[in-house]
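I opened the model to look up its ring contacts, its charged pairs and the packing of a few helices. These are my notes.

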Amino acid sequence: MIPGKENTNTPPLQDKVGSFAIFDVEHFIRRLLKNWYWFLLMAALGYGISWVYSKYYAQRVYASNLSLSISNSTASYFTPNQSINFIWGNTGNQDGVYLKKMLLSRSHNEYLVKQLDLYVNYATKGLIKQTYLDKYDSPVFFEIDKSYSQQVDYAITLIPKSGNRFEVVLPQDGESTSLYSYEAEGFKTIQPYKRPADKTISLNEWYTSPNLKFRLVKNARPSEIVFENIIVTLSTVNNTVNSLVSTISVDFDKEISTIMIIGKKGYNLNGTVNFLNTSVDELQKKRLIDRNVVDKNTEKYLLDNLANIRKKLDSSALVLNHMKVSEGLYNIKDRDEKSLDNIKTLDAKKADFLTRINSLNSIKNSLTSQNLDRMISTNAAGVEDGVFNATVSELKNLYAKRRELALIYTPNSEPMREINRLINEARTNSTGSLRNYYNTYANEISKIDREIARANVDLVTYPEKERKYIDAERGYNMIEATYNTLLTKQNETQIRVATNKSDINVIDPAKNLGQGPIAPNITKTKYTIIGGLLLLPLIFLSIGQVLDNRIRNIKELVQATKIPLLGVIGRSSHDNNLTVLEQPRSSISEAFRGIRANLRFLHKEDNQSKVILVTSSIGGEGKTYVSINIASVLGLSGKKTILLGMDLRKPKIFGDFKIDNQYGISNYLTGEVEMDKIINKTSIPDLDVSTSGPIPPNPSELLMSTRNIDFIKELKNHYDFIIIDSPPVGLVADSFELMSYSDASIYVVRHEYTEKHMLKMITEKYHNHEVKNLGLVYNDYQAENGYGYGYGYGYGYGYGYFEEDANYQEPTLIKIRNKIRKLIGKN
């Protein structure tokens, strides 16, 4: 393959030649296909790992949902772990928002943890994997003595025995002197102790050790599955609550905001279902109690106020009747009924705000006295503030918590100081909210008083007696309005007490419908593992491709160097370098004939003797192999040819031709022998060989000597072609000097051996015209499909032309293609 003449209008090539691509995409793709088995192995390994992970290690996470509807004023009463709550405003979806906050609150979930003993965790373990169980899946319940300090995060194994007995097996190590008190919800330190011995206990029998005290209670409705072991682990209340809250979700229906969807995630589906249903069941029970307590307190409050207002109303009626009788004021002439009606309306409004202020005073007294169980309905005070409700609920919890801590800690201890700080903070928040309502009501009353004052201007013209009667009548009307307001609220409260029921209605309870796990994503994990392992060979091959600086691509070689390519020599399986002589019908021999034909493009056809120098970058690239076989094809073609072994540092040629290397070129150049003494005949009549001879101490001086130049000139008088096997130019400069006396130079590049940077020097010298008539021979090439080089250009065997065809095996894909063609009758 000889490139055509370059376009003289193109820019200089100095910046382009010798530059190879950092990443050869074409070769990389072939490399991937060649290493297909690694990808298959990694894919199989990834599938196996993902299968083992899915079956034995992946902890499935399940989820269940429960939907419920919220009636009006839901937030008014909801506090499942308290005995009292408040009525809030019903604007928007405030009820639902408050209920959501309570469902996710620490107080609610702590109540459930303590009521349902959720700090006791059940599991069972097979040979490899541990599976989490719901409490009701276990054949026995693990009941602890809460007054006894227990070790948490300590795996207790229960092994079923005959006769409803269980062997208690404790870990071999891990005993702790820091034990947890479920009453104080804190840790305390005990004296060191030895590991408790394993023991077999019966149902309801207390197991006691320095770090544990519990008993096993039979589950009346256990799972039908028989477990070989039950592993129980205790957790602190705080850790259990934190982990529980993180698994709960509360959302509202997009179309109907009063419908809530409560979700629970967990490692056991039955556990999530039981938690949701039990949680809502507890809410409904507490709901009814809370509603009745609040309304009873409100009813009593209203009854007491009605009695007091009734006395005032009767007294005001006596005064008004006395004035009618004694003064005879039954009817005042020319009364301004419009002004009087306006004043009457304003007085009624003022009476309503005064009633609200009285209710606020009652609520405030309950807060300051810490007697929140006597709290009345905040509807009586017109309070519509969910923040205030949440604050008061929190305050009541803190009071209860302080009473518990006071039994354990001293007043100046850190836990007591912290709980007092939280109480003061909550009390400040609640009184701040009340203050806002006080200010609002005071402003409204001031506004009403100003309006009444303006209306009173119209009454100044009345006589004194008539004004006194009107004032008495106004007082009576105001008291009567207050009485009627309280009476209306009393009727509403009595109706609620008589008809009270939980305003949380379950629409769809949580059920075990065989839902599949929501996590982990086994499919995604499988593909991630397989993909990750497939990346390993891809990464290694990519790194190898980037770091590999060897010549592997003929097309890239020609494009980068811009040096003519004379031919491509395939990989030889022959046991010596005499391929052309001993295998004349091989494809490699034919490739050398192609090189012989292409050599005429590097020198003039003038029937004069030609000197052809063969070199390479370094040793091992096949320089001597190419020299021998080019000389062979020239000799076989009838051209008088001599092969000179001028690589004086590393003699080789004599071994292939079985020539004695006692005398050679080095002896002639030193004057030891005459020319005819170093010229050896071969089996080819037209091919002679002159070996290098013994290695001299000064090879460069000998090769550059005048005697050597005269030697070559003298040979030109006797031979048509003089082939010089010269030293590698990448190691010594001898070949560059000899090139100036040669008619053509052949530079041997070996496939997957010669490094790209080694070609930079010869490429630069060629394009700087320091080296002329240069051509490349690509040696030891093996096609990726494993066969074929053809006439030096890479097309293959299998067609009966060459000796290799006798042992040729068609690739599998070619066999399949040929069989398909035969079946369809296509040649």
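**Rings.** I began with the aromatic cluster: Tyr119, Tyr180, Tyr182 and Phe187 are linked by ring pairs. The model is a predicted one, and I read every entry below with that in mind. Across the structure I find 14 aromatic pairs. I looked at one of them in detail. The ring centres of tyrosine 778 and tyrosine 781 lie 5.9 Å apart, with the planes at 55 degrees, so I log this pair as tilted. For a pair to count as edge-to-face, the planes would have to be over 60 degrees apart. I then checked burial. Tyrosine 778 has a relative accessible area of 0% and is buried. Tyrosine 781 has 17% relative accessibility and also counts as buried, because the cut-off for buried is under 20%.

**Charges over rings.** Next I looked for a lysine or arginine placed over an aromatic face. Lysine 135 sits over the face of phenylalanine 141, and its distance from the ring centre is 5.0 Å.

**Salt bridges.** My count here is 23 salt bridges. I followed three of them and one network.

Arginine 417 and glutamate 414 meet through their side chains, with 2.7 Å from N to O. Where do arginine 417 and glutamate 414 lie? Both are in helix H10, residues 414-456, and they are three residues apart, about one turn of the helix. An α-helix has 3.6 residues a turn, so residues three or four places apart point the same way. Both partners are partly exposed: arginine 417 has 46% relative accessibility, and glutamate 414 has 47%.

Aspartate 688 pairs with lysine 681, and their closest N and O atoms are 3.4 Å apart. Is aspartate 688 buried or exposed? Aspartate 688 is buried, at 0% relative accessibility. Lysine 681, at 61%, counts as exposed.

Lysine 765 bridges to glutamate 770, with 3.0 Å between the closest N and O atoms. Lysine 765 is partly exposed at 22% relative accessibility. Glutamate 770 is exposed, with a relative accessible area of 52%. I also traced a network: Arg106, Glu110, Lys114 and Glu185 are joined by salt bridges that share partners.

**Helix H1.** I turned to H1, residues 25-34, and listed its buried residues: His27, Phe28 and Leu32. Seen down the axis of H1, these fall within an arc of 145 degrees, so they line one face of the helix. Leu33 and Lys34 are exposed on the other side of H1. What do the buried residues of H1 pack against? They pack against helix H2 (36-57) and helix H12 (522-547).

**Helix H15.** Last, I checked the length of H15, residues 587-598. The helix has 12 residues and spans 17 Å from its first C-alpha to its last, close to the 16 Å expected at 1.5 Å a residue. Its buried residues are Ser587, Ile588, Ser589, Ala591, Phe592, Ile595 and Asn598. I noted their packing partners. Two are helices, H14 (579-582) and H16 (623-636). The others are strands, S16 (565-570) and S23 (774-781).

Terms used:
Residues numbered from 1 in each chain as written. Predicted model: local features only at pLDDT ≥ 70, side-chain atom pairs only at ≥ 80, totals over all residues. Heavy atoms only, no water. Buried < 20%, exposed > 50% of the residue type's maximum accessible area, 1.4 Å probe, protein only. Helix = DSSP H or I, 4+ residues; strand = E, 2+ residues; numbered from the N terminus. Arc of directions from axis to C-beta. Contact = heavy atoms within 4.5 Å. Expected span 1.5 Å × (residues − 1). Salt bridge = Lys/Arg side-chain N within 4 Å of Asp/Glu carboxyl O. Phe/Tyr/Trp six-rings, centres within 6.5 Å; stacked < 30°, edge-to-face > 60°. Lys NZ or Arg CZ within 6 Å of the ring centre and 35° of its normal.
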